[in-house]
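Please examine the sequence and the three-dimensional structure shown below. The explanation that accompanies them is arranged by topic.

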There are 2 protein chains.
Amino acid sequence: MRVIVAEDQGMLRGALSALLDLEDDIEVVGQAADGEQALRMIETLDPDLCVMDIEMPKLTGLDVAERLKETKHGCKVVILTTFSRSGYFQRAMRAGVKGFLLKDSPIDELGAALRSVHGGGRAVSPELAMQLWEAENPLTEREREVLKLAGAGLGAGEIASRLFLSHGTVRNYLSEAIQKLDAKNRIEATLIAERNGWLG
Amino acid sequence: MRVIVAEDQGMLRGALSALLDLEDDIEVVGQAADGEQALRMIETLDPDLCVMDIEMPKLTGLDVAERLKETKHGCKVVILTTFSRSGYFQRAMRAGVKGFLLKDSPIDELGAALRSVHGGGRAVSPELAMQLWEAENPLTEREREVLKLAGAGLGAGEIASRLFLSHGTVRNYLSEAIQKLDAKNRIEATLIAERNGWLG
DNA sequence: CTTCCGGCATGACAATTGTCATATGAAAAT
DNA sequence: ATTTTCATATGACAATTGTCATGCCGGAAG
């Protein structure tokens, strides 16, 4: 099978590509260091399958998966990510992703996952299966934007002017977010949202 | 040469070990998933050299390097890390680390670095060489502790009781840290300190 | 067509946060 | 022995933050 490896960390990308290429039934036909590159490569090289990191520059792996679904491209996607954040997993399922592995599974599982997915099956790290039932993102779009900026160290006034809101409104959103996430303050709120993948 | 690979992310650890092992002159004699394991393995297996991540559970790669220096163990250390934080690099140099690579260099560089270090030389990612002249950590021990807790979402009162300080004192430290780092508030201060490796 | 809800806004209030001036005792430097 | 420095503390003050009640508007649901 012909695969593309999309991963921004050079060393991991190189190592995975090299190892997969050693397998008899796998041929690595391209490597991408960011989401845009991955998308272009998939369109031009038309591989069977793409191993994709989530956190990448320009387009995240999930963005790419969603575009592939829109354009009905046949390339299957196996997500390979560091974090077991419930939001990621759910979004991936909706985007039709066929495999979802954590970066700290052993490498053997990657080869196995690729074969399983190529054969029409699925492959999911066991730690993740449960997350199907985990909490949905309780934050509204606005709350997320505001929280993201707050997490970057901006104050209410600054956030207000970037989003063209009044500073009171910003504080309202922040307050709501804090309560929804059961946090003590904006800092904890950002931490919680982040940990669950509700900001990306 | 006999090497140990210490890296908490299973997939990268496995991939690197497999690839290094393919080289004729390299033998991977052990793999560690955290700092303690790495230290024990180095003591029992006495390898020539250890490839080590910084951010690992229990003991960081830098902690391990420092202990090896104390005990005058001959095992040379090549640090392999994601972030180019000036604090890390400086601490590593002081700990007698011989090689320091970023995880997004190409893999070829890893093999090359190992050979160079094994032959008594050094190997440093070019992005890092400059950092020798970069700012030293301006924060005192106390300021760091306080800032770390603030970054975890705790308020002044909570920080105070954990560190057995008065809440006024905590606010003083925070205020100093904020000014030293030229930040607007504690959040930005944590971000800046973090980015420079001044909290780890 | 109402009713309800989401996004947006105000104003008021309390709590927390950030800044400063100042003080003490202990340790380090001179 | 004297001075400086550091960690700790206080109190006062202003700014920011978090909460709440309330109101308006437009669109979705009934």
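The paragraphs below treat the conventions, then the strands, and then the contact between the chains.

This is a predicted model, in which local features need pLDDT of at least 70 and side-chain atom pairs count only at pLDDT 80 or more, while totals for chains, interfaces and linings use all residues. Residues are numbered from 1 along each chain as its sequence is written, chains are lettered from A and ligands numbered from 1 in the order in which they are written, and side-chain values use heavy atoms, with hydrogens and water left out.

In chain B, 6 strands form an open sheet with parallel pairing, in the order β2-β1-β3-β4-β5-β6. Strands here are DSSP runs of E with at least two residues, and helices are runs of H or I with at least four, numbered from the N terminus; two strands pair if DSSP finds at least two bridges between them. The edge strands of chain B, β2 (27-32) and β6 (123-124), each pair on one side only. Strand β1 (residues 2-6) of chain B runs parallel to β2(B), to which 5 bridges join it. Within this pairing, B:R2 has B:E27 of β2(B) as its bridge partner.

In chain A, strand β4 (residues 76-81) pairs with β5(A) in the parallel sense over 4 bridges, and A:V78 stands opposite A:G99 in β5(A). Strand β5 (residues 99-102) of chain A is covered on both faces: A:G99 and A:L101 are buried on one side, A:F100 and A:L102 on the other. Buried means under 20% relative accessible area, with a 1.4 Å probe and protein chains only.

The contact (heavy atoms within 4.5 Å) takes 32 residues from chain A and 32 residues from chain B. The area buried between the two chains is about 2300 Å², and carbon and sulfur atoms give 70% of it; buried area is the accessible area (1.4 Å probe) that two parts lose on being put together, summed over both. On the side of chain B, B:Q9, B:M11 and B:I187 lose the most area to chain A, together 29% of what that side buries.

The count between chain B and chain A is 2 salt bridges, a salt bridge being a side-chain nitrogen of Lys or Arg within 4 Å of a carboxyl oxygen of Asp or Glu. A:K184 forms a salt bridge with B:E158, with the closest N and O atoms 3.6 Å apart. Helices α1 (10-22), α7 (141-151) and α10 (186-195) of chain B each supply at least two residues of the side that touches chain A, and the largest share, 9 residues, comes from α1(B).

Key
Buried means under 20% relative accessible area, exposed over 50%, partly exposed in between (1.4 Å probe, protein chains only).
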